[in-house]
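Visitor: I would like to go through this model with you and ask, for each term you use, what stands behind it.

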Amino acid sequence: MKPRTSPFLIAFAALVYIFLVGPLVIVLGAALSDTTYLTFPPHGLSLRWFEKIFEVGAFRTTFVTSFQLAFLATALALLIGIPAAYALNRYRIALPSWLSTVFVLPILVPEIVLGFSLLKSVTVGAGAPIFPTLLIGHTLIVLPYAVRVVSASLASFDFSVEEAAISLGSPPVKTFLTIVLPNIRSGVIAAFILAFITSINDVSTSLFLTGPGISTLPIAILAYVEQYFDPTVASVSVLLMLLTVAVMAIVERTLGLTFLTK
Amino acid sequence: MKRFAGWLLAAPATALVVLCLLVPVAATIATTFGEAKGVFSPYIAFFGSGFRRNVLWRTLEISLATTAISVVVGFLTAYVVVRSPGRIKSILIIAAVFPLLTGVVVRSFAWLILLGKNGIINDFLTWVGIIAEPLSMLYTQGAVIVAMVYLFVPLMILTLVGVLENIPDDVVQASASLGATPAATFRQVIFPLAVPGLIVGAVLVFTGSFTSYATPQLLGGERQMMMGTLMYQRAMVSFDWVGASTVAAIMVVVTVAVVLVMARVARRLNPMAT
Amino acid sequence: MTQALSIENLTAHYGTTKVLEDLTMHIAAGELVSLLGASGCGKTTTLRLIAGFLDPTAGKITLGGRDLTRLPAYKRDIGLVFQNYALFPHLSVRDNVAFGPKQRGVSVTERERRADAMLQRVGLEGLADRLPAALSGGQKQRVALARALVIEPPLLMFDEPLSNLDAKLRVDMRVEIRQLQRANGTTSVYVTHDQEEAFSISDRVAIMNAGRIMQFDTPEKLYQRPENAFVARFVGFENLIPMRVTARDGRKVTAEAPGGTLLALDEQRLGPIPDRFVLATRADGLEVSADPAAPGLPATLGLRTYLGRAYQYQCDTAAGGLIANGALSAPLASGASARLVPVLDQCCVLKSE
């Protein structure tokens, strides 16, 4: 029972949503086109550009690299991020207040600067191979999601439950795994999804860390667009959008989409 | 004992951030002060070059324009979203989340199709007869701004939906019960309460635009070079690593300064935090 | 300034569920009426309908002859005090109070003068420049009260205004609210789930259940003469004993309780007694007697608890489990047999349902 929203505002919001969704629809249309150049609306429909994706070697290999990278970086970030989040909540009084700021730094420092600095210090400076450096970079950019999203879950967790389990004779590590972790499950899933999608879409950090032989999918797409202007890239984009749809379906199932506005 | 356990659990993540982020970034910034020609020589070179000054100026201009447009568009849209009935509201939220989760490259690429010589906008305008020849819209400042706004409006909408939903219903009702018209309630209650969130969103948009790479690269090209693309060009085309580091240092300084200043402003304006 | 409020045949739905059914009540000018009931009984819905935050499905609301039913909330001129205070967090205490006058186009100096005067009345003159976040719960509630009063509304409404305060402050504040309301003579509607609060503050109380008014009366009547089993239980009549009249002699009535016990009753004291009725008593109104000849229901005593002024017994009788009090001088053991004697002054007669 709120007073009516002005029709002008509603019309404006409708235009904004056309602006938001329209371009993605056009990418889908272009991907289904049967012409050799990018155009919309398509003159005829075909799936040939989806087949072309598999012919372009760069897309095939970078697709695999990007998935491996996203999965490893996310797993690593959770592995070190969950204990950190736990410490920040459980031992808040014992730890200095600047510690939580440390985990905001990867957001504060521009990703492109991080990528460049890793290139200089780790790849060139320490002579590390490309993939491990990429992994470090991606772990760093997704770490804030792991720490902050899991922290938010832990903030609403009643630690007296954990103390109850310990008083009943459960050792600390087992208590964490059997009592705490199941109760922050949704936060861990959310952190995983956000981290994974961030890593797979990342351009700025990867930019300086890809080299001959190893590259990520978004970087390969950027390179391809600069040379060719055919609908293959639209098809790859559609595949990435399907991934987004899958992710949103998982989020919807496990958490409900409203958690994204929190 | 407790203190020790806390440190131990936080240690791996802290070590990663310090060793692999703080130290390398500090090293990058440090190299800009280590030139033989003088401590500030890279900065003198940067600001001495009309081209690079232009890049910095253009980047600021595009980022501010993107921020201003995103704030206005995002706020008005979020206001409509929050006041929509349940089902429509969730559809609208999904429609904002979807682009946000879709990568920067894909979303910038969409505008390449839209704004190209054979793009839908040119086709449409020619078909209607407004123009005879296709316009060249790519590689203009406008193209970059439109694509950036496209990039950041969903973020702004979602941030502000969260902010607006946090304004308690009874505060809005109290305003009505005291005789405030809906317009007066919006101006005197809802807007002031949303300002801190608005600032947080604006900072995200500004720093995101200021340090972006993919969008200016695809839609701005050489002609609309921004700080991100300039940095890449310095490092990987000219192999001028000190020059690239200088650009990096300026980016860090601007980002950190904007974040710190605006965080302080937001805190001062936030009446809940006392 | 004070006006009568009348609500006629008000009905409201949330979606398809009916939350308020054909509610009619008339509140006289200057009267303070409480809507009392458990959550979900419709009391808050009624308040929100009067305030204009909900639209009724049917019915009419008039204030001093002015039809409010279709008027938007901001044109109704009703002072509202919210449960969570609903202060504007970005405005100082003074600006919160001056907000209403500002909407009415009162000049800056005049509205600040009025705000300060009202703050003085509620005892907050030193805090005008603070933000709400810097106030205690009781202070916030006073600001909320001042903010509602300063617009000199013909009707004041309170939505559980004291439920977030601690017990001691709650009692002080309700006295203060009553004094302010009396002094201004403002017609008031007060929503609460706290019986003591409702009874202590109100001229009349409407006890509500499932979207209807069960009884609308003065606190004294409600406490001593509930009209139905719901209200009787609500005001603490724990024992409801179904009875049947076996003989009448003028106003003297003999009635049979379950198990065949005959009790002598008096219509002079209890009012008219129908042939089938329910005798309602509180634990205080049912006395435990060890004397097997006492005129009461035979019972086996169960758990005994100490109340300070008496012992209380859980009793097993032919009428089911009853609760009765016994003298401190003669505690009885669990399992003992006893008689439960109704104290007629403390009983009431309800229609059988």
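Visitor: What makes a residue of chain B count as buried, and what percentage of the 274 residues do so?

Guide: In this predicted model, a residue is called buried if 20 or more other C-beta atoms lie within 10 Å of its own, and 49% of the 274 residues of chain B count as buried. The C-alpha trace of chain B spans about 75 × 70 × 30 Å along its principal axes.

Visitor: Which elements make up chain B, helices or strands?

Guide: Chain B has 12 helices and zero strands, so that, with a helix taken as a DSSP run of at least four residues and a strand as one of at least two, every element in the order from the N terminus on is written α. Among the contacts in chain B with a separation of 6 or more, 73% are between residues 24 or more positions apart.

Visitor: How many residues of chain B and of chain C take part in the contact between them?

Guide: Two residues are in contact if their C-beta atoms lie within 7 Å, and the contact takes 18 residues from chain B and 22 residues from chain C. On the side of chain B, α8 (169-177) and α9 (182-210) each supply at least two residues, and α8(B) gives the most, with six residues. By class, the residues on this side of chain B are 12 nonpolar, five polar and one charged.

Visitor: Why are β2 and β5 of chain C called edge strands?

Guide: The open sheet has four strands in the order β2-β1-β4-β5 (chain C), with antiparallel pairing, and β2 (17-27) and β5 (66-67) are its edge strands because each pairs on one side only.

Visitor: How do you know that β4 and β5 of chain C pair?

Guide: Pairing requires at least two bridges between the strands, and two bridges join β4 (residues 58-63) to β5(C), so the pair meets the requirement, with the strands running antiparallel. Leu63(C) has Arg66(C) in β5(C) as its bridge partner.

Visitor: Which helix lies across strands of chain C, and at about what angle to β2(C) does it run?

Guide: Helix α1 (residues 43-51) of chain C lies across β1 (5-14), β2 and β4, running at about 70 degrees to β2(C).

Visitor: Into which domains is chain C divided?

Guide: Chain C is divided into domain 1 (5-232) and domain 2 (237-351), whose C-alpha centres lie 41 Å apart. Their contact takes five residues from domain 1 and six residues from domain 2, and the domain 1 side has three nonpolar, one polar and one charged residues.

Key:
Residues numbered from 1 in each chain as written. Chains lettered and ligands numbered in written order. Predicted model: local features only at pLDDT ≥ 70, side-chain atom pairs only at ≥ 80, totals over all residues. Domains from an automatic or database assignment. Nonpolar A, V, L, I, M, F, W, Y, C, P; charged D, E, K, R; others polar. Buried ≥ 20, exposed ≤ 12 C-beta atoms within 10 Å, placed from the backbone. Axes fitted to C-alpha atoms, helices over the stretch in contact; angles between N-to-C directions.
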